[in-house]
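Here is a friendly note to read alongside the structure. Please keep the 3D view open and find each part as you come to it.

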Amino acid sequence: MTTSHADLDALARDVRVYVFQQAAATGRVPQAPEISGALGRAEPDVRAALHHLAVGKVLILASNDGDIWAANPFCALPSGFRVDAAGRRYWGICIWDALGVAAAVDSDAVISAPCGDCGDQMTLEVRHRALVRADGVVHFAVPAHHWWDNIGFT
Amino acid sequence: MLLFRDEEHVDRWCRTRELSRGATMTPEQAWRLAYGWYKDKLKPDWRRHTLEETEALLADVGLTGAFWNLRD
């Protein structure tokens, strides 16, 4: 087991780099068993590192099973915020993160998202690091100071 | 953060849920915010933005005022 804060910090760094680079490269957010196998570290240590990263607001864990819900901007599960970029399909937990996928993978991207009210699909497009197709308006329901009070709602 | 067809749809969504209206921005502002926030996230030496860096990013995107205040 991990025994010191320095060990935990170092493992958390390795886990972070693996998770985000895998998510970008594959469109799929790896979970603890896969991370454990890839890094050659015990799964409880990996889960401790993931918890450490969640406390640091680097990613978000699902409240029921401790799996990664979102390694923001990458959502681990299909959502309403779909991103097609670099020949892969990604998901975001919100429109900010969907746009963030295009930024993180540094690629042209087509983003499809529903109107929060009527559900109509809208499309945004990023090319050469610029938004070239825009639609609608983005609404933040929660003031910035309270975003992390309930990040799922935010 | 949700995308809406227009301001009227935002108002209706808030009314239906009995929520106070938050703040809106253009998709262009949202893109600039997302780009500044996430462009380095894959880098091994990535670190969270400091409070001051986040404030500067919000201001650069034109998001100022009480709603965007990050301090107590």
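1. Let's begin with a pair of residues in chain A. A:R82 stands opposite A:S112, which belongs to strand 6 of chain A. Please remember that you are looking at a predicted model.

2. Strand 4 of chain A has another partner to look at. With strand 5 (residues 88–92) of chain A there are five bridges, again in the antiparallel sense. One of the pairs to find is A:A85 with A:R88, its bridge partner in strand 5 of chain A. The hairpin of these strands has two residues between them, and in this hairpin A:A86 takes a positive phi near 50°.

3. How far apart are A:A25 and A:A86 in sequence and in space? In sequence they are 61 residues apart, yet from C-alpha to C-alpha the distance is 9.1 Å. A:A25 is found in helix 1 (residues 5–26) of chain A. Is A:A25 buried, exposed or partly exposed? A:A25 counts as partly exposed because its relative accessibility is 43%, and that class lies between the limits of 20% and 50%.

4. Chain A also has an open sheet of three strands, in the order 1-2-3, with antiparallel pairing. Its edge strands are strand 1 (60–61) and strand 3 (74–75) of chain A, and each of them pairs on one side only. Strand 1 of chain A is joined by two bridges to strand 2 (residues 68–71) of chain A, and the two run antiparallel. To find your place, look for A:I60, which stands opposite A:A70 in strand 2 of chain A.

5. Next, a meeting of two helices within chain A. Helix 2 (residues 32–39) and helix 3 (residues 43–55) of chain A have axes 9 Å apart and pack at an angle of about 115°. That angle is why helix 2 of chain A counts as roughly perpendicular to helix 3 of chain A. The crossing of helix 2 of chain A past helix 3 of chain A is right-handed. On the helix 2 side of chain A, the contact uses A:A32, A:P33, A:I35 and A:S36; on the helix 3 side of chain A, it uses A:E43, A:V46, A:R47 and A:L50. By class, this contact between helix 2 and helix 3 of chain A has five nonpolar, one polar and two charged residues.

6. Now for helix 4 of chain A, at residues 95–105. How many of its residues are buried? The count is 11 of 11, so please describe this helix as mostly covered, with buried meaning under 20% relative accessible area. Among the buried residues are A:W96, A:L99 and A:V105. Just after helix 4 of chain A comes A:D106, with a positive phi of about 50°.

7. Helix 4 of chain A also meets chain B. Its axis and that of helix 2 (residues 27–38) of chain B come within 8 Å and cross at roughly 55°. This makes helix 4 of chain A oblique to helix 2 of chain B, and the crossing is right-handed. The residues in contact include A:W96 and A:L99 from helix 4 of chain A, and B:W31 and B:Y35 from helix 2 of chain B. The residues of this contact divide into 13 nonpolar, one polar and one charged.

8. Finally, look for a sheet built from both chains. This open sheet of three strands has the order 1(B)-9(A)-2(B), with antiparallel pairing. Strand 1 (2–4) and strand 2 (23–25) of chain B are its edge strands, and the twist averages 35° from one strand to the next. Three bridges join strand 9 (residues 137–140) of chain A to strand 1 of chain B, where B:L2 is the bridge partner of A:H139. Helix 1 (residues 7–17) of chain B packs on the sheet, and its direction makes about 30° with that of strand 9 of chain A.

Conventions
Residues numbered from 1 in each chain as written. Chains lettered and ligands numbered in written order. Predicted model: local features only at pLDDT ≥ 70, side-chain atom pairs only at ≥ 80, totals over all residues. Heavy atoms only, no water. Buried < 20%, exposed > 50% of the residue type's maximum accessible area, 1.4 Å probe, protein only. Helix = DSSP H or I, 4+ residues; strand = E, 2+ residues; numbered from the N terminus. Axes fitted to C-alpha atoms, helices over the stretch in contact; angles between N-to-C directions. Parallel < 35°, antiparallel > 145°, perpendicular 65-115°, else oblique. Left-handed = near helix turned anticlockwise from the far one by under 90°. Contact = heavy atoms within 4.5 Å. Nonpolar A, V, L, I, M, F, W, Y, C, P; charged D, E, K, R; others polar. Pairing = 2+ DSSP bridges.
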